[in-house]
Amino acid sequence: MSGFGYRITGDRVDKVEPAEALASAADLVWVHLASNEEARDWLCAHAALEDYAVDALTAAETRPRCEAFADGALVNLRGRSDEELPGSDVLASLRVWATRGRVFSVTRAHVVAVDTVRACVEAGEMRDPGDLIAAIAAAITQDLDPQVAELGDELDGCEEQLSADKVFELRRAVTRVRVTAIGYRRFLSPQRAALEKLASLPGDWLADDDRLHLNAAADRAARMAEELESIRERSAVVHDTLTDLRAEQLDTRGLIIAIVAMIFLPLTFITGVYGMNVKGLPGAESPWAFDVIMLGCVLIAVGIVVYFTRRHWLGRG
């Protein structure tokens, strides 16, 4: 079965297979599983969890939430994954069932923060479920913080490069930043509420320092959610600005084409008239007629350009 387990007794930390984790008594047992049918069977048969707990741990779709039960709590969180996630999800789910002395966690995709928590466990920093859940919440928010900051920095770079010549490149970058920010915020806002609720749950399995760490993680999640909302709004403004720049660019090009057409319209008429194979055209038999017509065309073109210049139609003034 895919997963791992830890048994912690005092200062001793034993890494074991999930099937061996519950074999003997320990101060803290942590079992982490990859969500599949085999994990579901193990949670029912070996962990002896109720059906509602197993369903919550192995559900296909989850949102961050916290539910209190008589002897513990169910917590759904979202963290960054280094795997490609299905659908529109940008964060992978981490489901945790915690009771006195035992913590069961399940993921459908690898969550980066789990590796950080494992390192803390192996370093002997965990003593009870409260320590472990607080560490998971802190690791998830600490891992997401630089990602949110990077989105803000990328948007800052786009704002500095605002130019009509880079409209298509910048629009792709801004759209990607906006979509990512919306995806993060979609989970961070309820995650903050879940952590705050978890910190306020009654029971002595959560120590005061654990509650402080959970509140700190909730505050950081709230700050990131606010930053993501700001990024979303700024992205919309930058996107509108790029749209305006593109429209202005198209207007300028259309104006140039119209001016060129206006210059050549009378010239085309004159050359069209003198291109007819009929008798009676003025100067048709004169040797100087070509020079006069060319001079007239030049004067007409210059006159149109001077008129447009005085009307400020050739520039932005």
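Mentor: In this predicted model, the largest pocket has a volume of about 190 Å³. Its lining is made up of 13 residues, and those that lie nearest the centre are Ala-60, Pro-86, Asp-89, Ser-93 and Arg-108. Strand E6, which covers residues 92–99, gives the most to this lining, with three residues. Sorted by class, the lining of the largest pocket holds six nonpolar, two polar and five charged residues.

Now to the helices. Two packed helices are described by the angle between their axes and the distance between the axes. Helix H2 (residues 37–45) packs against helix H3 (residues 51–58) at an angle of about 155 degrees, and their axes are 10 Å apart. Because angles over 145 degrees count as roughly antiparallel, H2 and H3 are roughly antiparallel to each other. The crossing in which H2 passes H3 is right-handed. On the H2 side the residues are Arg-40, Leu-43 and Cys-44, and they meet Val-54, Asp-55, Leu-57 and Thr-58 in H3. By class, this contact of H2 with H3 has four nonpolar residues, one polar residue and two charged residues.

H5 passes H6 in a crossing that is left-handed. From H5 the contact draws on residues including Ile-133, Ala-137, Ile-140, Leu-144 and Gln-147, while from H6 it draws on residues including Leu-170, Ala-173, Val-174, Arg-176 and Tyr-184. The contact of H5 with H6 divides into 17 nonpolar, three polar and two charged residues.

H6 also packs against helix H7 (residues 208–274), and here the axes come within 7 Å and cross at roughly 155 degrees. H6 and H7 are therefore roughly antiparallel to each other, and H6 passes H7 in a left-handed crossing. In this contact of H6 with H7 there are 25 nonpolar, six polar and nine charged residues.

Technical notes: Residues are numbered from 1 along each chain as its sequence is written. This is a predicted model: local features need pLDDT of at least 70, side-chain atom pairs count only at pLDDT 80 or more; totals for chains, interfaces and linings use all residues. Side-chain values use heavy atoms; hydrogens and water are left out. On a 1 Å grid over the protein atoms alone, a cavity is a set of points where a 1.4 Å probe fits but cannot get out, and a pocket is an open set with protein on both sides within 12 Å along at least five of seven lines; lining residues have an atom within 4 Å of a point. Grid points are joined across faces, edges and corners, and a volume is the space filled by probe spheres set on the points. Helices (H or I, at least four residues) and strands (E, at least two) are DSSP runs, numbered from the N terminus. Ala, Val, Leu, Ile, Met, Phe, Trp, Tyr, Cys and Pro count as nonpolar, Asp, Glu, Lys and Arg as charged, and the others, Gly among them, as polar. A crossing is left-handed if the near helix is turned anticlockwise from the far one by less than a right angle, and right-handed if clockwise. Contact means heavy atoms within 4.5 Å. Axes are lines fitted to C-alpha atoms, for helices over the stretch in contact, and angles run from 0 to 180 degrees between N-to-C directions. Angles under 35 degrees count as roughly parallel, over 145 as roughly antiparallel, 65 to 115 as roughly perpendicular and the rest as oblique.
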